[in-house]
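Dear colleague,

I am passing on a structure that you have not worked with before, and my notes on it follow below. Please read them with the structure open beside you.

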Amino acid sequence: MQINGIHHVTAIAGPARRNLDFYGRVLGLRMVKKTVNFDDPGTYHFYYGDAAGAPGTILTFFPWEHAAPGRLGVGETQETVFRVPAGAIGYWAHRFVEQAVPHDVPVKRFGETVLAFRDPDGMRLSIVGVPGIEAEPAWTGTEVPVEHAIRGFHGVSLLVADAAPTGAILSDVFGFREIGREDTLIRYRAEGAPLGNVVDLRIAGGFLPARQGAGSVHHIAFRAADDAAQEEMVRRLAENHGIRTTEQRDRNYFRSVYFREPGHVLFEIATDVPGFALDEPAESLGQALKLPPGLERERARIEAVLPALA
Ligand code: ZN
């Protein structure tokens, strides 16, 4: 059976220490992997998620100390949305005031309460209150009480000039279907996916193209259970949409292919396997700097150039 939904979201950040303070302390996510950008090993790659680092909870960052700010535009992710128990919205509104996090007043969107906020790089985030998820497991190793903790992704919204070609791929390849329209938003949902099952397409004709930088989402990864499921998605993209992906790349904790969807957003298809407990115990995920085998012999040099985190 096909497993659907978002696997992870990867974004660009400014200073690593500030990023860690915001996502680890203020939002209470677990650092599930501390590694480097395999293509630029002098830069961290942080993975935040739930206690286990489950697909659908993973937000990753490439923090560059001197990254120029991005400019939101058409052809990229407008907002990344977390889910919390419905009763937790008040806690978060209060926490954002207390922690001086820029935020808006809560609004209703598709009948759900949405609280939008920004991270220190200006990245657009929000939390949605979802009824009935109080009993879902959450990371408890932070100052955020477990009853209010983030329970993975609700979804993302993408800014596109024309929804139809992007919507066709969401439906045909990733198991989503259109479930409603509100203002300039078209909502797609992946039925049966517990996490990261919403993609909103926001139709934005007059926007300038995006300029990626700090605060920008770099790409969205969708789940494939394994290599065979990924191959089937690659085949559908080619045969039904005329889109070719990259060759498969080994990201150590999952295996990935990438393609630019017709609305210009960079999409990835990432396998659920092997997961983050591949190279360290589940109890101590994210504590030690992990390097892929090919970079291990350069560890001393890499550790010397990475910025201090404390
Ligand atoms: Zn990725």
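This is a predicted model: local features need pLDDT of at least 70, side-chain atom pairs count only at pLDDT 80 or more; totals for chains, interfaces and linings use all residues.

**Helix 4 and the zinc site**

The buried residues of helix 4 are Q230, M233 and L237, and because they fall within an arc of 60° when seen down the helix axis, they line one face of the helix. Among the elements that cover these buried residues are helix 3 (163-172) and strand 13 (217-224), together with strand 15 (255-260) and strand 16 (266-271).

As for its length, helix 4 runs over residues 227-241, and at 1.5 Å a residue its 15 residues should span 21 Å, which agrees with the 20 Å that separate its end C-alpha atoms. The N-terminal end of helix 4 is capped by D226, of which a side-chain oxygen lies 3.3 Å from the backbone nitrogen of A228, while just after the helix G242 takes a positive phi of about 65°.

The second topic is the metal site. The zinc ion is coordinated by H8 (NE2), H219 (NE2) and E268 (OE), at 1.9 to 2.0 Å. Since H8 lies in strand 1 (residues 6-13) and H219 in strand 13, the pair ties together parts that are 211 residues apart in sequence. With under 20% relative accessible area as the cut-off for buried, H8 counts as buried at 2% relative accessibility, and H219 counts as buried at 6%.

With kind regards

Technical notes: Residues are numbered from 1 along each chain as its sequence is written. Side-chain values use heavy atoms; hydrogens and water are left out. Helices (H or I, at least four residues) and strands (E, at least two) are DSSP runs, numbered from the N terminus. The expected span of a helix is 1.5 Å times one less than its number of residues. Buried means under 20% relative accessible area, exposed over 50%, partly exposed in between (1.4 Å probe, protein chains only). The arc is that of the directions from the helix axis to the C-beta atoms. Contact means heavy atoms within 4.5 Å. A polar contact is a pair of N or O atoms within 3.5 Å; within protein, one must be able to donate a hydrogen and the other to accept it, and residues adjacent in sequence count only if both atoms are side-chain atoms. Donors are N, O and S atoms within 2.8 Å of the metal (3.2 Å for Na, K and Ca); water is not among the atoms, so sites may look incomplete.
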